[in-house]
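Colleague: Thanks for making time for me today. Could we go through this model together, so that I can see where the labels come from?

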Amino acid sequence: MHVTSLQRVDGVLMMEVPEALERELHLHDGSTVEVGVESGRVVLSGSKAPKYTMQELLDQCDGEMVRSEEDEAWLNVASVGREI
């Protein structure tokens with residue numbers, strides 16, 4: 001368990017998040033978090049990134065893919081190990 005402090009900044013009560021929790025929850029400046037109360041305790045959860053289906057991602061593509069010479073060279077390179 002970590003101990004932190006609260007301070008009022010511009011009329012808003014702010015909580016310092018210990019660095020260890022920042023790393024554990026993958027937080028950074030501007031992160032969105034969920035805050036709630038469970039059994040009289042404040043619960044802070046890192047918001048999860050949205051999940052997309054492959055079809056939702058493909059629907060965002062324009063369908064017109066233009067390959068450069070560099071793309072073609074990379075795609076046609078011979079295998080050098082035990083690649084499939």
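Predicted model: local features only at pLDDT ≥ 70, side-chain atom pairs only at ≥ 80, totals over all residues.

Colleague: What makes β1 and β2 a pair?

Modeller: Two strands pair if at least two bridges are found between them. β1 and β2 have 4 bridges, in the antiparallel sense, so they meet the cut-off of at least two. They form a hairpin with 2 residues between them.

Colleague: Why is Asp10 called exposed?

Modeller: The label needs over 50% relative accessible area. Asp10 has 79% relative accessibility, so Asp10 counts as exposed.

Colleague: Which loop holds Ser39, and what is its phi?

Modeller: Ser39 sits in the loop between β3 (33-38) and β4 (41-46). Its phi is positive, about 50°, although Ser39 is not a glycine. For Ser39 the relative accessibility is 79%, and therefore this residue counts as exposed.

Colleague: Now the whole chain, please. What is the order of its elements?

Modeller: The chain has 3 helices and 4 strands. Starting at the N terminus, they run β-β-α-β-β-α-α.

Colleague: How do you know how the chain stands against a compact globule?

Modeller: Through the radius of gyration: a compact globule of 84 residues would have one near 12 Å, but this chain has 23 Å. Along the principal axes, its C-alpha trace spans about 60 × 35 × 30 Å.

Colleague: How much of the chain is called buried?

Modeller: Buried means under 20% relative accessible area, and 1% of the 84 residues count as buried. The chain exposes about 8,400 Å², with carbon and sulfur atoms supplying 54% of it.

Colleague: What share of the contacts joins residues at least 24 apart?

Modeller: Among contacts between residues at least 6 apart in sequence, that share is 7%.

Colleague: Last one: how many side chains are positive, and how many negative?

Modeller: There are 7 positive and 17 negative side chains, and the centres of the two sets lie 12 Å apart.

Note on methods. Residues numbered from 1 in each chain as written. Heavy atoms only, no water. Rg over C-alpha atoms; globule rule 2.2 N^0.38 Å. Buried < 20%, exposed > 50% of the residue type's maximum accessible area, 1.4 Å probe, protein only. Contact = heavy atoms within 4.5 Å. Areas by Shrake-Rupley, 256 points an atom, 1.4 Å probe, with all protein chains shown as cover. Lys, Arg positive; Asp, Glu negative; His and termini not counted. Charge placed at Lys NZ, Arg CZ, Asp CG, Glu CD.
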